[in-house]
Amino acid sequence: MKTLNKNQKGFVALFTVLLVSVILSMAIGIASISLKEIVLSSSASEGSRAFYAADSGIECALYYDRVNSTEGAFFAGNFMCNGNPPINPLEGADFESPETYSFEIPFGADDELCASIILKRQITGLGYSTLIESKGSNIPCGETSPKKVERSVRVTY
Amino acid sequence: MNIFFKTENKGFTLVETLVAVAIFATSITALISITARGINNNIFVKNKLIASYLSQEGVELVRNMRDSAVLPENSVPWDVFLSDTENWIGECYSSTVQGSNACYVDGATSELSAFECIDGVCPVLGFDEQSSTYSYSVITDSIFTRTITVRPIESGNNQEVLVDSIVEWSQGSNTYRVSYKYNLFNWFDPPPQL
């Protein structure tokens with residue numbers, strides 16, 4: 001009787017600790033699921049912002065190639081997209097064949113997005129072949145962040 | 001002797017039980033509050049995804065109108081496209097960067113046209129349960145409001161506009177918004193001489 005009573009002393013506490021650990025693991029499970037949901041939905045919407053920045057960059061490059069390029073060369077004159085001149089042109093860009101040019105343009109109402117654009121053009125048997133690649137990101141140009149999301153659009157013609 | 005031990009043990013078990021109940025109650029409270037917040041987050045995430053698709057639709061509707069206007073059978077000049085309030089996006093377009101014109105476009109109609117949001121207040125989107133579509137012709141209101149603005153880009157030679165599609169909704173006492181921005185250029189023939 002004495003030993004049995006002694007053994008029973010810690011039973012309620014032990015049982016509670018067991019139950020509490022089960023309940024807490026359920027709670028942590030629910031919390032981690034809802035946290036993941038928020039991260040996923042944010043990455044989806046940030047991805048779309050980045051995509052529209054990339055698409056704006058493509059529109060910009062195509063537009064100025066259409067109105068402002070002379071035969072075989074990109075952008076004969078100065079140009080601006082979203083009210084910004086191109087920044088961070090690639091050092092030592094190769095203007096020989098294939099002609100390559102790269103730059104970044106801030107997009108969005110407060111320049112909170114960025115499109116980094118690469119243009120390539122080379123002479124082929126049929127004339128010129130052009131490749132434009134625009135990488136849009138959801139953070140301003142020249143900044144780095146773990147929340148950065150990039151979407152890319154490529155056009156060839 | 002036996003009775004003495006039993007009473008002592010009983011007392012211990014009571015205190016122990018009180019402590020156990022306290023711990024248990026705390027953990028249950030934690031579980032309930034986390035579950036409640038989880039459900040709230042769930043609803044928020046669902047609404048945010050719907051809002052982000054609706055906002056994307058807003059951008060695509062304006063782009064669709066620009067592209068239709070460029071087509072040879074329409075070939076509407078750029079300035080007419082921006083200022084025509086009857087057929088094109090005149091209701092959305094402010095001629096200055098600070099302008100406050102806003103519009104709404106119904107994506108469920110075959111002929112797209114933009115309507116004015118009076119004083120910048122756009123109507124609430126309706127939701128049709130049967131077809132699971134959002135439009136303005138449905139009587140049942142959803143919680144989403146979509147506002148589309150089109151503004152010129154400063155120093156853009158009037159050849160470039162910034163389309164902003166904002167979807168707002170409220171959950172509890174908070175108002176949330178999703179906004180996508182897209183730059184559209186003058187693609188009309190002939191190309192402008194810069």
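Between chain A and chain B, 3 salt bridges are counted, a salt bridge being a side-chain nitrogen of Lys or Arg within 4 Å of a carboxyl oxygen of Asp or Glu. Arg66(B) and Glu59(A) are joined through their side chains by a salt bridge, with an N to O distance of 2.7 Å. The model is predicted, with pLDDT of at least 70 required for local features and 80 or more for side-chain atom pairs, whereas totals for chains, interfaces and linings use all residues. Residues are numbered from 1 along each chain as its sequence is written, chains are lettered from A, and side-chain values use heavy atoms, without hydrogens and water.

The interface comprises 43 residues of chain A in contact with 48 residues of chain B (heavy atoms within 4.5 Å). On the side of chain A that touches chain B, 22 residues are nonpolar, 13 polar and 8 charged; Ala, Val, Leu, Ile, Met, Phe, Trp, Tyr, Cys and Pro are classed as nonpolar, Asp, Glu, Lys and Arg as charged, and the others, Gly among them, as polar.

Chain B contains 2 helices and 7 strands, assigned as DSSP runs (H or I, at least four residues; E, at least two) and numbered from the N terminus. Their order from the N terminus is α-α-β-β-β-β-β-β-β. Along the principal axes, the C-alpha atoms of chain B fill a box of roughly 110 × 40 × 30 Å. Of the 194 residues in chain B, 43% are buried, that is, under 20% relative accessible area with a 1.4 Å probe, protein chains only.

How values were computed. Buried < 20%, exposed > 50% of the residue type's maximum accessible area, 1.4 Å probe, protein only.
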